[in-house]
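Subject: A structure for you to explore

Hello,

I am passing on the structure we talked about, together with some notes to read beside it. Please open it in your viewer and keep it on screen while you go through this email.

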Amino acid sequence: RLTEKNIVIIPADVLPFLLKSDVNEAKNIQDCLAKRSDRCRDFEPCQNNGECHLNSAKNAYACICAKDYRGRYCSIPHLAPVGEFRAMQKVVANLQSQNEQFGKMLKDTKEKLNKTEEKFGVKLQGTQEKLKKMEEKLKLQYLGKGCNRRTLGYRYHSTHNRRQEQEHGSIASMTFRKKYANTVLRLTYSSNIRVFGSRHATARWYFLIDGQECRTPTKVDIAVHNGNGGSNHNPAVLLGICEATNTGPIGKGDHTISVNVGDVPRERSGDRSSNWESTSLMEIQEMCPQF
């Protein structure tokens with residue numbers, strides 16, 4: 001294949017001096033020149049889709065470049081005119097200005113949304129608190145209706161003992177789960193009890209809730225006095241309502257409730273006995289408050 005490097009142009013005045021061996025390679029010099037390469041086809045000088053046009057008379061070629069390129073070989077990118085470039089600069093500057101304005105608008109919108117969210121959060125919290133108070137009020141009103149006819153929670157404990165000779169402390173106990181904070185407890189204990197002494201003897205049976213005596217409306221207890229020296233086991237019922245203890249209202253949740261025996265203040269104590277040869281019953285009821 002012929003290339004730019006292996007083509008030699010021989011001037012006419014040199015032809016007489018060529019060696020015969022050189023001349024034999026071609027029949028005549030015109031044949032040799034006719035076999036020179038087609039530069040457009042062999043070299044493909046035009047780049048970037050440029051079209052190559054050969055001038056066979058002058059043994060030369062020319063490149064017709066595509067729209068975006070220029071130069072002898074179409075290798076130089078075509079730059080936009082100055083006016084078009086400046087117009088493009090204005091477009092870019094305008095877009096940057098719009099972008100800055102949009103960023104400012106976006107920032108302002110976010111700040112407004114944050115303020116609205118904070119304001120709405122405060123209002124929402126206030127509304128939630130109001131709703132909670134209304135709910136408690138409605139519950140209270142609802143629970144107040146039919147108070148004597150409705151029992152919200154109930155539990156009992158029944159045992160049969162030969163006798164309980166305990167002098168002080170708990171003689172019956174159980175855990176009760178209170179469902180509501182604004183209800184009351186009805187406490188009941190039934191059994192037989194006895195206090196014995198030579199002349200004058202006393203004893204007291206009472207309820208404790210979480211280790212505290214009832215305060216509102218009053219204590220739930222009974223006091224027994226024996227002044228004749230007898231040893232009678234008499235039936236007794238310890239019954240009462242409790243809304244609050246010495247530490248405050250009885251809230252909802254688990255509470256330990258017990259029946260206890262002890263001394264009567266400022267009185268002489270005696271020998272105590274509970275639940276002699278009988279069945280005792282301990283009942284706890286959660287009930288509606290009265291209005």
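Below is what was found in it, going from the whole chain to single residues.

One thing to keep in mind from the start is that this is a predicted model.

**The whole chain**

The protein chain has four helices and 15 strands. Of its 291 residues, 27% are buried. If you take the contacts between residues at least 6 apart in sequence, 74% of them join residues at least 24 apart.

As a reminder, strands of a sheet pair through backbone hydrogen bonds, either parallel or antiparallel.

You can follow the pairings one at a time:

- β6 and β13 are joined by nine bridges, and Lys178 stands opposite Gly253 in β13.
- β8 and β13 are joined by six bridges, with Phe207 opposite Val259 in β13.
- β8 (residues 201-209) and β10 are also joined by six bridges, and here Tyr206 faces Asp221 in β10.

How many of the 10 residues of β13 are buried? Seven are, so β13 is largely enclosed by the rest of the structure.

In soluble globular proteins, nonpolar side chains tend to be buried together. In this model the largest nonpolar core has 25 residues, and those touching the most other members are Leu187, Phe207, Ile257, Met282 and Ile284. Six strands each supply at least two residues of this core: β6, β7 (184-196), β8, β11 (234-245), β13 (253-262) and β15 (278-287).

Leaving aside neighbours within four places in sequence, Met282 is in contact with residues including Arg155, His157, Met174, Tyr189, Phe207, Ile257 and Val259. Another core, of five residues, lies apart from the largest one, and among its members are Cys40, Tyr61, Cys63 and Cys74.

**A cavity**

A search of the whole structure finds one cavity of 30 Å³ or more. The largest cavity holds about 50 Å³ of space. Its lining consists of Tyr189, Ser190, Ser191, Ile193, Trp205, Ile222, Ala236, Val237 and Leu238. Which strand gives the largest share of that lining? It is β7, with four residues. Both β7 and β11 supply at least two lining residues each.

Now go to Glu165, in the loop between β5 (151-161) and β6 (169-178). Glu165 has a relative accessible area of 36%, so it counts as partly exposed. Although Glu165 and Arg272 are 107 residues apart along the chain, their C-alpha atoms are separated by 6.1 Å. Not counting residues up to four places away in sequence, Glu165 touches Arg194, Asp271, Arg272 and Ser273.

Ser273 belongs to strand β14 (residues 271-274). Is Ser273 buried or exposed? With 0% relative accessibility, Ser273 is buried. Beyond residues up to four places away in sequence, Ser273 touches Gln164, Glu165, Asn192, Ile193, Arg194, Trp205 and His233. Trp205 and Ile193 are also among the residues that line the largest cavity.

**Backbone details**

- A cis peptide bond, with omega about 0°, joins Thr216 and Pro217. Pro217 lies in strand β9 (residues 214-217).
- Cys74 has a phi near 60°, a positive value in a residue other than glycine. Cys74 is in the loop between β3 (69-70) and β4 (76-77) and is buried, with a relative accessible area of 0%.
- Arg266 also has a positive phi, near 65°, and is not a glycine. Arg266 sits in the loop between β13 and β14 and counts as exposed, at 82% relative accessibility.

Enjoy looking around, and send me your questions whenever you like.

Best wishes

Definitions and conventions: Residues are numbered from 1 along each chain as its sequence is written. This is a predicted model: local features need pLDDT of at least 70, side-chain atom pairs count only at pLDDT 80 or more; totals for chains, interfaces and linings use all residues. Side-chain values use heavy atoms; hydrogens and water are left out. Buried means under 20% relative accessible area, exposed over 50%, partly exposed in between (1.4 Å probe, protein chains only). Contact means heavy atoms within 4.5 Å. Two strands pair if DSSP finds at least two bridges between them. A nonpolar core is a set of buried Ala, Val, Leu, Ile, Met, Phe, Trp, Tyr and Cys residues joined through side-chain atoms within 4.5 Å. On a 1 Å grid over the protein atoms alone, a cavity is a set of points where a 1.4 Å probe fits but cannot get out, and a pocket is an open set with protein on both sides within 12 Å along at least five of seven lines; lining residues have an atom within 4 Å of a point. Grid points are joined across faces, edges and corners, and a volume is the space filled by probe spheres set on the points.
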